[in-house]
Amino acid sequence: MSVMPPTGSDLQTTWKFLEEGVDHIMTRLNEGVSYSKYMNLYTVAYNYCTSSKMHGSQSLEGGGIQGRTGANLMGSDLYNHLIKYFVTHLKGLRDASDVLQDEALLRYYAKEWDRYTTGANYINRLFTYLNRHWVKREKDEGRKGVYNVYTLALVQWKQNFFIHIQNKDHKLANAVLRLIESQRNGETIDVTLVKKVVDSFVSLGLDESDNNKTTFDVYKEHYETPFIDATEKYYKQESDAFLAENSISEYLKKAEERLKEEEDRVERVMNTITRKALIGKCEAVLIREHSEKMWNDFQNLLDFDKDEGKILHQIIVLVLDLQRMYALLARIPEGLEPLRKKFEEHVKKAGLAAVAKLTGDGAAAAATEVEPKAYVDALLEVHKKNQETVNRSFKGEAGFVASLDRACKDFVNKNAATGSSSTKSPELLAKHADALLRKNNKVGEDNDLEDALNKVMILFKYIEDKDVFQTFYTTKLSKRLIHGVSASDEAEASMIAKLKEACGFEYTNKLQRMFTDMSLSKDLTDQFKEKMSQTHDESDSGMDINFSVMVLGTNFWPLTAPDNKFEIPKDILPTYERFTRYYGQKHQGRKLTWLWNYSKNELRTNYLKEKYFLSCSSYQMAVLVQYNDAETLSLDELLEATGITKEILVQVLQVLVKAKILINEEQDQYDLNPNYKSKKIRVNLNIPIKAEVKAESADVLKTVDEDRKYVIQATIVRVMKARKTMKNQQLIQEVIAQISQRFTPRVPDIKKAIDTLLEKEYIERVDGQRDTFNYVA
């Protein structure tokens, strides 16, 4: 190596020494550079840059910094010689690359890139002083085309080597694309080589305004754009050819695999900024281009899912196909909506078919009375199956959940069992809930009952006329409480809590008050008995009767007083009179209405050898105690003695005759059976009579209609009070919006309520505007 020039040496001497060291680092770094040699090079560069002596400047071929004078010249001289060196050095690489193609070119390029950038890094540190002072000052003064030494090396690589190769039909980028195509075709390629070349494209993106920043201009222009175009062409040809010979099911697998491969390719050989463009293009070609075929095949998958004879393997394949189709189509904005619509229609048809299967076909189907449990179970089975599909295959996506809800709402409220009635479904659901909450339910454990109640709430969510369910449920609850046949207070409380959570406090207020009345009635009975024991002897008439009473609030219990003048039997009259007086003294101003049609009694037979205990209604008791004074009585005599209407009394007598307590051998003549026998000591005669059962549904619906009138009127007043003035159509829409959570109001009913409120002067028409109303304070 040349002798280190002394401080103050001229440019020619200085550069000759530096050039030898620079070339060693750039071409023979693998041979090593001693510390002393490196420091000598650093010192010479430093000394030249800090020398105050001016040296003549040379005009250099190949470009450089010119037109500088004074101290600036010292840095520019070295900078220009570095440029000349890089240009000369890269010319040799360029010549060697001209004869290379494909992978051989890539290997040469990658090897030279590694060597070149490693050497440039060392040289950059060698000229640290030049970077810190001369380069910095030039840039601060706004000089364009001045870079630190490492960036200068990259600029020269780009201008004198990279562009030269790319100008020959994009030879470098195409070599990379052909390798990637080979990989897509199943061949093994050198991923590290591809990654190194692609990374060089990024490194060559230089920000003119800030040398420390990297732009992606070179990467995008020379690699990303042609790569995306090649990808589109490749997958368009492949997908078209694949679908021509294979099923959609097979294509779903293929598309899924290809997308995973491209995701992996981005991670392994691309810059991450390409991910969005690449995956977007793949989704367009692999999914959007064939979405119509997928949408059409989706219906086939749903129809196949209806087949109950599938084996496990077929079920697994079906689930996987649905999952793949959902996952693929979810990648494009418009992909899922057609699936949601088809799924909604599929669920609706399945629900309607399930109910039609229960009712049977033909004109008589609508008139068929469906068993509540079978009806509810059929609806739940459809919901459960499709809910599992939503969760398992569609990941619980909100759009599919909404489709399931809309479909269920449709078939739950209108099906073969309901006909044109909107009240049938809530009635059947309330009856099913009643059966669950009775003592004689067929549900085993408490957990099973809780689960069954949760299932009731699934369907309750879809019921449109929730007020109908509420009224039927309240009626059924009242019967359970009056007759003491609730499965448990815990189960009743649990169901009320669920209804409260779904519809709010107001919806369950009456139900909770009913339980309060039951508790107060128990205390009242105990207090009455204690009072009677203090004021009456046991020998007094009626004191031997075991009596309990329920005092129920008229506003909370859906109970109707009998329309007949019931003649209270003399056997219980003293007790009746004592309690009436006691209650009147305890609660002055309150009026008791006795509901004999809901009361029950227990009688003991004294005329037979065997003592029987007969559980019966008050009407049955009133008939039977007449036989304490006579063995045979006519229908007219019983009518007069009991005060019961003929329609009801005839049915009461039919039950007693059927039970063989009474004998009806002559028309309208009823005899006490002296030879009555029963296998049971306790005999239950208290069976609901048809007139009462039929009247219950009619009464409930009548109550619902009346309640709705007041709800609509109250809502109109509330809206008008808040808005003061509203047009007719706006008022109707607002009323529908507020009430629809409870029931779906009919527009004619709203208009009728508006007319009623106009008559009552709660609202008035605006003068000169027939369709606008004012609130009257």
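**Strands, helices and cores**

Colleague: How many bridges join strand 3 to strand 5, and which way do they run?

Modeller: Strand 3 (residues 632-634) is joined to strand 5 by three bridges, and the two run antiparallel. Two strands count as paired if DSSP finds at least two bridges between them. The strands (E, at least two residues) and helices (H or I, at least four) are DSSP runs numbered from the N terminus.

Colleague: Before I go on, what kind of model is this?

Modeller: It's a predicted one: local features need pLDDT of at least 70 and side-chain atom pairs count only at pLDDT 80 or more, while totals for chains, interfaces and linings use all residues. Residues are numbered from 1 along each chain as its sequence is written, and side-chain values use heavy atoms, with hydrogens and water left out.

Colleague: Back to strand 5, then. What is the bridge partner of Ser634 there?

Modeller: Ser634 is partnered with Gln669. Gln669 is also the bridge partner of Glu666.

Colleague: Where do the side chains of strand 5 point?

Modeller: They alternate along residues 669-672. Tyr670 and Leu672 face one way and are buried (under 20% relative accessible area; exposed is over 50%, partly exposed in between, with a 1.4 Å probe and protein chains only).

Colleague: New topic: what is the strand order in the open sheet?

Modeller: The order is 1-2-6, three strands with mixed pairing. Strand 1 (600-604) and strand 6 (682-684) are the edges, each pairing on one side only. Strand 1 runs antiparallel to strand 2 (residues 613-617), with five bridges between them. One of those links is between Lys600 and Ser617.

Colleague: Now the inside. Which residues have the most contacts in the largest nonpolar core?

Modeller: Tyr109, Phe127, Trp157 and Tyr223, in a core of 154 residues. Helix 4 (residues 102-126) gives the most to this core, with 10 residues. A nonpolar core here is a set of buried Ala, Val, Leu, Ile, Met, Phe, Trp, Tyr and Cys residues joined through side-chain atoms within 4.5 Å.

Colleague: What does Trp157 touch?

Modeller: Leaving out residues up to four places away in sequence, Trp157 touches Leu90, Leu93, Tyr109, Glu112, Trp113, Tyr116, Phe162 and Leu204. Contact means heavy atoms within 4.5 Å. There's also a second, separate core of 34 residues, which includes Ile568, Ile644, Leu649 and Leu685.

Colleague: How far does helix 14 reach?

Modeller: Helix 14 (residues 337-359) has 23 residues and reaches 34 Å from its first C-alpha to its last, close to the expected 33 Å. The expected span is 1.5 Å times one less than the number of residues. Among the buried residues of helix 14 are Leu339, Phe343, Val347 and Val355. Just after helix 14, Gly360 has a positive phi of about 85 degrees.

Colleague: Where is Asp169 found?

Modeller: Asp169 sits in the loop between helix 6 (149-166) and helix 7 (171-184). Its phi is positive, about 60 degrees, although Asp169 is not a glycine.

Colleague: Last one: how many disulfides?

Modeller: Zero, taking a disulfide as a pair of cysteine sulfur atoms within 2.5 Å. For Cys408, the nearest cysteine sulfur is that of Cys503, 17 Å away. Cys408 counts as buried because its relative accessibility is 1%.
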